[in-house]
There are 2 protein chains.
Amino acid sequence: MKKRAILPLILALAIISAAGALASEGASEATTHNAAMTFFTIALLLIAAKASSLVERFGQPSVLGELVIGVVLGNLTLVGFHMLEPIKSDPIIAFLAELGVVILLFQIGLESNIQKMRAVGLRALLVATVGVVAPFALGTWLVGPWLLPGLPFNAYLFLGAALTATSVGITARVFRDLGKLQTPEAQIVLGAAVIDDVMGLVILAVVSAIATAGTVSALTIGWITLKALLFLVGAIVLGSLLAPWLGRLLSAIHTGVGMKFTLAIGFCLVIAALAQLIGLAPIVGAFAAGLVLDPVHFRYFKDFHIVEDMKEAVTDADTATRNRVHAMLESHSHRHVEYLIEPLGHFLVPLFFVMTGMAVKLETLFDLPILLVALGITVAAFIGKIIAGLVAGNVRKSLVGWGMVPRGEVGLIFAAIGKAVGVVSDSMYSVIVIVVILTTLLTPPILTSLLKRKV
Amino acid sequence: MKKRAILPLILALAIISAAGALASEGASEATTHNAAMTFFTIALLLIAAKASSLVERFGQPSVLGELVIGVVLGNLTLVGFHMLEPIKSDPIIAFLAELGVVILLFQIGLESNIQKMRAVGLRALLVATVGVVAPFALGTWLVGPWLLPGLPFNAYLFLGAALTATSVGITARVFRDLGKLQTPEAQIVLGAAVIDDVMGLVILAVVSAIATAGTVSALTIGWITLKALLFLVGAIVLGSLLAPWLGRLLSAIHTGVGMKFTLAIGFCLVIAALAQLIGLAPIVGAFAAGLVLDPVHFRYFKDFHIVEDMKEAVTDADTATRNRVHAMLESHSHRHVEYLIEPLGHFLVPLFFVMTGMAVKLETLFDLPILLVALGITVAAFIGKIIAGLVAGNVRKSLVGWGMVPRGEVGLIFAAIGKAVGVVSDSMYSVIVIVVILTTLLTPPILTSLLKRKV
């Protein structure tokens, strides 16, 4: 076991050295198109991500391994190795990573059930509301003025706003890695995260307006809210109406598996793009797309080859066997679209989490006063969301609360906009970055230990 | 049928209008990240590609549909619609398309058999050699001076060199679309295309050196040839030795389907990247990677869920049924890696062919004198490769010859470099572009009618 655990390390080092050699080779031959470098980068990130699945041996979800290996790869400059730095600003890798989290939320939407979501809808709304109000209040009026005294009120406003975010990717991966996506707790967190994103959109508009103009009109707030709600309802209602029609239409052109795949992925990308144009996160659109698509929309398309062959192989069998085989195939049939999307997930999803890890700047943790302030605010960030879990009704409240904790890139967007309008200072920006890092990296192990604990 | 054929058209128009609306919306909101536009572009290209599979109703391979719809989308400026123009220069779409053709050649390598390839190796070498010498001679000493008189000799040299290229993507797709990839003709074309790429590398170095320095050293030629051959032999020999070891190593970390996928795709990307750094086309590396990888390297990994469930479903069945099912599963098992890569192919491969079509500038065909010259040279380009087919031995020689005809982007690289060193004039460049367009667009229907003709 020990010997085996060392091999991947050697492999990773060999790949990193080779990447270095390639990078200098590439630089010396100016005519070399940079696709080679990108191919190599993708291979490196994927193999590193998979090698990190060793964390599963210690009972941790593989997403934690991907984040940690990303933090390691992204901070090799601390030991004088700078060759991986260009990866951080590579626009193609950044796009693939973003597509990765869109695919992940699409997969999670496909695996979720719109009826189940509706059943927890009210509780999700409650959790989302408290999960926005509590951290906002804590940040703006308590820990902000207490730990970072003497700043203008607008700065605390942005801090509070940054704490309201919920980045659902991490939590969804943990629930999925541990096979708990179908629990009511997971469904509540997913629903609350979608609602939270709508609220976040409104809050961002409001605090930006207050910080720049000193005021905000109710009309603006109303319009942003309406637009977001219309989009979500529209995506789900119109999507549900359009999907069967699209299925029939596209199957009239071709009934192959390729068309089936294109219908699914095209639907996902269009709704994700529309969500982003409205101002919502594209992952919210992708999740809605997955929620709307139903196996029944794909019934006109061909099955996998292996399924057809299986049916044929048992035509002469006894009735009991035939029934058993058909029941088994039936139990898989609703997952065919998920199977089709899965390899795309294997390709793209790890890129997102490794890149998320790589974006972590460990040197921000080295400034002790800032680190201490950030730790205090992180505790407030934890508490704000744990309080939200308390209103989740008759489920394991701690699971819901901790599931809402990761702030991810959404928190950073608040911080970046606050910095851009001159309200958030450099040190407050660093504090928010550390809070995002800690909520992101600490949640997977905490959630895992909660999920594994007997109730 | 007629009514059904109109629906996809309406759909395509609706999508194009929506894209336009989005594009202007996107432009007006400067803060909107451009991922939304890229998501939308991918969806548009994929749906257009799949809608074009209507050509199958007319017995044509779907790759022809993808090329033609690409030509249509890429030339909408001729009817005053300019909204799709940014797609042509989008670096992310360009990368995904390039990755697409790499994945295609990897799939074709996986479906090919190294023993079969070796069996046709000598004939492939012969075909490649004649397929380089004949078009080169025709271009440099016959049709060049005849149809474009009065140019310096170096210009004819580049024209001849541009005609030697073989772009295997198109032919491979036609053979694959029609289920003829396992025929000796297809294997000879694939082998000859790989050898042709090595020869092309040497020719490019030689003509560039002659055009700029007026001379070339035997040492340079020898070194380039050696490097390319070493890479190919190295990729296949070292790859064959490393693959089983990598399979064991990675399965020691994790035996899941995700790791299996990562092993396959990582192997493909690394060898494709190395090929490009040597100066070969990345698709040559990807093809070699697919050729080397064997189902046996993946035996330590888990099977698909559905396969395990099938085995379980027939445990109580009679012996005959059990044997039949196990034989059926066995016959599929060597294709599991291909099944894993397939969805990635559905996602990326159409992007390559639609983008290839979009790169066609129809207005180049509007200059009558240039068009006539280009038609003459295209005929020479056809003849040069058809002669090569004659040395293919005891197979359908016309299939091999026509299979070598498409020049694709490789011919354009020669033209572009010739233009960069000032040897190729603007009108000769246009001529080469038209030759590339015609060899690329005319080959699929011709090859299809040859393949469907009774021998």
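Colleague: Which residues in helix 5 of chain A meet helix 16 of chain A, and which residues of helix 16 do they meet?

Modeller: Please bear in mind that this is a predicted model. From helix 5 of chain A the contact takes Ile93(A), Leu96(A), Ala97(A), Leu99(A), Gly100(A), Val101(A), Ile103(A), Leu104(A), Phe106(A), Gln107(A), Leu110(A) and Glu111(A). They meet Val337(A), Glu338(A), Ile341(A), Leu344(A), Gly345(A), Leu348(A), Val349(A), Leu351(A), Phe352(A) and Met355(A) in helix 16 of chain A. By class, this contact has 17 nonpolar, three polar and two charged residues.

Colleague: At what angle do the axes of helix 5 and helix 16 of chain A cross?

Modeller: In general, a pair of packed helices is described by the distance between the axes and the angle between them. Here the axes of helix 5 and helix 16 of chain A come within 7 Å and cross at roughly 135 degrees. Helix 5 of chain A is therefore oblique to helix 16 of chain A. The crossing of this pair is left-handed.

Colleague: How does one read the pair formed by helix 8 and helix 19 of chain A: is the crossing left-handed or right-handed?

Modeller: Helix 8 (residues 153–164) and helix 19 (residues 408–420) of chain A cross in a right-handed manner. Their axes come within 7 Å, at an angle of roughly 160 degrees. Helix 8 and helix 19 of chain A are therefore roughly antiparallel to each other, because an angle over 145 degrees counts as such. On the side of helix 8 of chain A the contact involves Phe158(A), Ala161(A) and Ala162(A), and on the side of helix 19 of chain A it involves Gly411(A), Phe414(A), Ala415(A) and Gly418(A). Five nonpolar and two polar residues make up this contact, with no charged residues.

Colleague: Turning to domains, what does the domain assignment of chain A give?

Modeller: The assignment gives domain 1 (1–89) and domain 2 (90–452). The C-alpha centres of these two domains of chain A lie 27 Å apart. In the contact between them, 26 residues of domain 1 of chain A face 24 residues of domain 2 of chain A.

Colleague: Which helix of chain A gives the most to the side of domain 1 that touches domain 2?

Modeller: Helix 3 of chain A does, with 11 residues. Helix 2 (35–51), helix 3 (62–74) and helix 4 (85–88) of chain A each supply at least two residues of that side of domain 1. By class, that side of domain 1 of chain A has 15 nonpolar, nine polar and two charged residues.

Colleague: What rotation superposes chain A on chain B?

Modeller: As a general idea, two copies of a chain are related by a rotation about an axis and a shift along it. For chain A and chain B the rotation is 180 degrees, with 0.0 Å of shift along its axis and an RMSD of 0.1 Å. The two copies are thus related as by a two-fold rotation axis. The same surface serves both copies, since 98% of the contact residues of chain A recur in chain B.

Colleague: How many residues of chain A are in contact with chain B?

Modeller: 61 residues of chain A are in contact with 60 residues of chain B. Helix 12 of chain A gives the largest share of the side of chain A that touches chain B, 12 residues. By class, that side of chain A has 41 nonpolar, 13 polar and seven charged residues.

Colleague: Where helix 15 of chain A meets helix 14 of chain B, which residues make the contact?

Modeller: Arg324(A), Val325(A), Met328(A) and His332(A) of helix 15 of chain A make the contact with Ile306(B), Asp309(B), Met310(B) and Ala313(B) of helix 14 of chain B. The axes of these two helices come within 9 Å and cross at roughly 160 degrees. Helix 15 of chain A and helix 14 of chain B are therefore roughly antiparallel to each other, and their crossing is right-handed.

Methods
Residues numbered from 1 in each chain as written. Chains lettered and ligands numbered in written order. Predicted model: local features only at pLDDT ≥ 70, side-chain atom pairs only at ≥ 80, totals over all residues. Least-squares fit on C-alpha atoms with pLDDT ≥ 70 in both. Contact = placed C-beta atoms within 7 Å. Domains from an automatic or database assignment. Helix = DSSP H or I, 4+ residues; strand = E, 2+ residues; numbered from the N terminus. Nonpolar A, V, L, I, M, F, W, Y, C, P; charged D, E, K, R; others polar. Axes fitted to C-alpha atoms, helices over the stretch in contact; angles between N-to-C directions. Parallel < 35°, antiparallel > 145°, perpendicular 65-115°, else oblique. Left-handed = near helix turned anticlockwise from the far one by under 90°.
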